[in-house]
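Please keep the sequence and the structure in view while going through the points.

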Amino acid sequence: MVYKLEHVSDASAVEEHERKYGKYNDLPPNLEELTEAEFARSGFFTWCLENYEHRQPCRLTDAQAQAYGLAGQNLKLFYMNNTEGFAISNDYWDERIRYFRFRACVHEFRNPGPKDFARGVPRPRRCLHVGVCSKCGYVDVTDSSD
Ligand SMILES: [Zn+2]
């Protein structure tokens, strides 16, 4: 199956995205570097791609610059449909690729309760696992019967 990328030009959608994930010269939130082995086993290869973005971070804090050394490097960001994101960076002169994960929220899941069910969150059952993030409200539903 082939998907076609579509440019997002709606100003309010761009503004919301930048508020959540930063702008072109920023690092994405909650960035953590992955080893090649971690990336190979990551959700990058199983979740569906929702959005794609190119960045060149240069507005870095000293801590960020020291931690990642990504100032001026190319970052390809991949936003997956489970709220997780992945970034791939190339270091042209060192001839190597680096892998990262980022997230707008580092979810802390809890079991859903009556208030969640009232707003349409499904009830967990034998093969339906449901978690609600206590920080952002994201609902993770996994059907393990497939
Ligand atoms: Zn969350």
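Predicted model: local features only at pLDDT ≥ 70, side-chain atom pairs only at ≥ 80, totals over all residues.

The numbered points below move from the whole chain to single residues.

1. Confidence. The protein chain has a mean pLDDT of 92, and 99% of its residues reach 70 or more. Among the elements, helix α2 (residues 36-40) has the highest mean pLDDT, 98. Helix α3 (residues 62-68) has the lowest, 77.

2. Overall build. The protein chain contains 4 helices and 8 strands. Read from the N terminus, their order is α-β-α-β-α-β-β-β-β-α-β-β. The C-alpha trace spans about 55 × 35 × 35 Å along its principal axes. Of the 146 residues, 13% count as buried. Where contacts join residues at least 6 apart in sequence, 49% of them link residues at least 24 apart.

3. Domains. The protein chain is divided into two parts: domain 1 covers residues 11-103, and domain 2 covers residues 109-143. A distance of 28 Å separates the C-alpha centres of domain 1 and domain 2.

4. The sheet. An open sheet is formed by 5 strands. Their order across the sheet is β1-β5-β4-β3-β2, and the pairing is antiparallel. Why is one side of β1 and of β2 left without a neighbour in the sheet? Strands β1 (32-34) and β2 (49-55) stand at the edges and each has a single partner strand, so one side of each lacks a neighbour there. With direction ignored, neighbouring strands of this sheet are turned by 25° against each other on average.

5. Strand β4 (residues 84-91) pairs with strand β5 (residues 96-103) in the antiparallel sense, over 8 bridges. Within these strands, Ala87 stands opposite Phe100 of β5.

6. The nonpolar core. Which residues make up the largest nonpolar core? This core has 10 residues: Leu27, Tyr68, Leu70, Leu75, Leu77, Tyr79, Phe86, Ala87, Phe100 and Phe102. The elements giving two or more residues to it are β3, β4 and β5. Strand β3 gives the most, with 3 residues.

7. Phe100. This residue deserves a separate look. Phe100 belongs to the largest nonpolar core and faces Ala87 in the strand pairing. When residues up to four places away in sequence are not counted, Phe100 touches Leu31, Glu32, Glu33, Leu34, Phe86 and Ala87. Two of these contacts, Phe86 and Ala87, are also listed as members of the core.

8. Asn30. Although Asn30 is not a glycine, its phi is positive, about 55°. Asn30 is placed in the loop between α1 (11-21) and β1. Is Asn30 buried or exposed? Asn30 has 12 C-beta neighbours inside 10 Å and therefore counts as exposed, since the cut-off for that class is 12 or fewer.

9. Thr83. Thr83 is found in the loop between β3 (74-80) and β4. With 16 other C-beta atoms within 10 Å, Thr83 is partly exposed, because a buried residue would need 20 or more and an exposed one 12 or fewer.

How values were computed. Residues numbered from 1 in each chain as written. pLDDT = per-residue confidence, 0-100. Pairing = 2+ DSSP bridges. Axes fitted to C-alpha atoms, helices over the stretch in contact; angles between N-to-C directions. Domains from an automatic or database assignment. Core = buried A, V, L, I, M, F, W, Y, C linked by C-beta atoms within 7 Å. Contact = placed C-beta atoms within 7 Å.
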